[in-house]
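Have the structure open while you read.

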Amino acid sequence: MRKNIKIRHAVKKYGNNVIIPDLNLDVKEGEFFTLLGPSGCGKTTLLRMIAGFNSIEGGDFYFNETRINDMDPSKRNIGMVFQNYAIFPNLTVRKNVEFGLKNRKLPKDQIKQQAEHFMKLMHVDEYADRLPERLSGGQQQRVALARALAITPDVLLMDEPLSNLDAKLRVEMRSVIKEIQNEVGITTVYVTHDQEEAMAVSDRIAVMNGGVIQHIGTPKNIYQRPANLFVATFIGRTNVVPAKLIVSNGVANLSFGTYSTEIKGVRKEMMHNQNVVVSIRPEEYKLAVGNVEGIEATVKDCVFLGLNTHYFVKLKTGEEAEIIQESTIDSIIEKGTKIRLTINTSKVNIFTEDGSENILEGVVNDKDKEV
């Protein structure tokens, strides 16, 4: 039976060191939910608390209405996939997949049937009699996933399962994982520090920093309207530029020194003169050469990548920025060229001077719904 996961006021400490101070979270039944953040942010710690591998110093953890804080990990009916595969080197693929089923003392014919089903599902059935040492990293991870799913767990937990694979295999395996999760429909909590990976596989993402959830939402919501500057800089590439918000007669303008542009969608309570920080994705800068109004800058370097050309510039105000422009048949702008930049104001994000809050309308943060 699929489960939802409810966490209320979770606390994790190691001695006097508080890793997670007070965390609330809801994972929906059948959802692919990702915990995303930098190393040391508490995401793996939280996953291990759900699994029962780490102690809980405060709060309540539930699978549906069952409180699991004091439940033995073996009784939680979870499947776990680790970063280092953790498959048994002395057992064949078939015996690895059958391992959990045998521990549950299921009938032999059922063990064989379920193992065959999940080996075929993960496309490792042709390697059934091989030892892991004769498999590639990607094949070993498929075996680990087949073993985790074969016991028909209520919840699947995955801790950085692709980090040991090369770039090509990571892309291949994340497609496999998402496809299998959709097919099986199991509630999945996935941990990664790779924001592109999180965007590719997740129904929703929780961005964490310092043991605190910063933003919960769909990949689209988090990318387009991040809740704060940390989320904006962690999800995708962005340029961070200080500016002034100047409000006059109900109209808001962003001022970058000598260049000013109207901005719409500022929340009513934020419509006042203030220093702000603007997040501008590289593709949202518009580049022009010549005597046109815009942010003054100098081209420091450029990289031609076929479809796009990446320019690295220094703004007159001192900040450095990256700009992505669609490549044309015209010449690439040379280093040292003075240019001016405008911005796509519908796609930028504007934060309070300390970066703690997005002042624009349209931020959807499910964190605010967690009680």
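A residue counts as partly exposed when its relative accessible area falls between the buried range, under 20%, and the exposed range, over 50%. Arg 67 has 39% relative accessibility, so it lands in the partly exposed class. Keep in mind that this is a predicted model. A search of the whole structure turns up 19 salt bridges, and a few of them are picked out below.

**Arg 67 and its partner**
- Arg 67 pairs with Asp 60 in a salt bridge, with the closest N and O atoms 2.6 Å apart.
- Asp 60 is partly exposed because its relative accessibility is 25%.

**Bridges between separate parts of the chain**
- Arg 237 and Glu 322 make a salt bridge, their closest N and O atoms being 3.1 Å apart.
- That pair links distant parts of the chain, 85 residues apart: Arg 237 sits in the loop between α8 and β11, and Glu 322 in strand β18.
- Arg 237 is partly exposed at 46%, whereas Glu 322 is buried at 13%.
- Lys 316 bridges to Glu 296, with 3.5 Å between the closest N and O atoms.
- Lys 316 is in the loop between β17 and β18 while Glu 296 is in strand β16, so this pair ties together parts 20 residues apart in sequence.
- Lys 316 is exposed at 63%, and Glu 296 is partly exposed at 25%.

**A network**
- Glu 31, Arg 204 and Asp 366 are joined in a network of salt bridges.

**The nonpolar patch**
- Val 303, Leu 305 and Phe 312 make a nonpolar surface patch of about 240 Å².
- Val 303 belongs to strand β16, residues 295-304, and is partly exposed at 34% relative accessibility.

Key
Residues numbered from 1 in each chain as written. Predicted model: local features only at pLDDT ≥ 70, side-chain atom pairs only at ≥ 80, totals over all residues. Heavy atoms only, no water. Patch = residues over 30% accessible without salt bridge, like charges linked within 9 Å, V, L, I, M, F, W, Y side chains within 5 Å. Areas by Shrake-Rupley, 256 points an atom, 1.4 Å probe, with all protein chains shown as cover. Salt bridge = Lys/Arg side-chain N within 4 Å of Asp/Glu carboxyl O. Helix = DSSP H or I, 4+ residues; strand = E, 2+ residues; numbered from the N terminus. Buried < 20%, exposed > 50% of the residue type's maximum accessible area, 1.4 Å probe, protein only.
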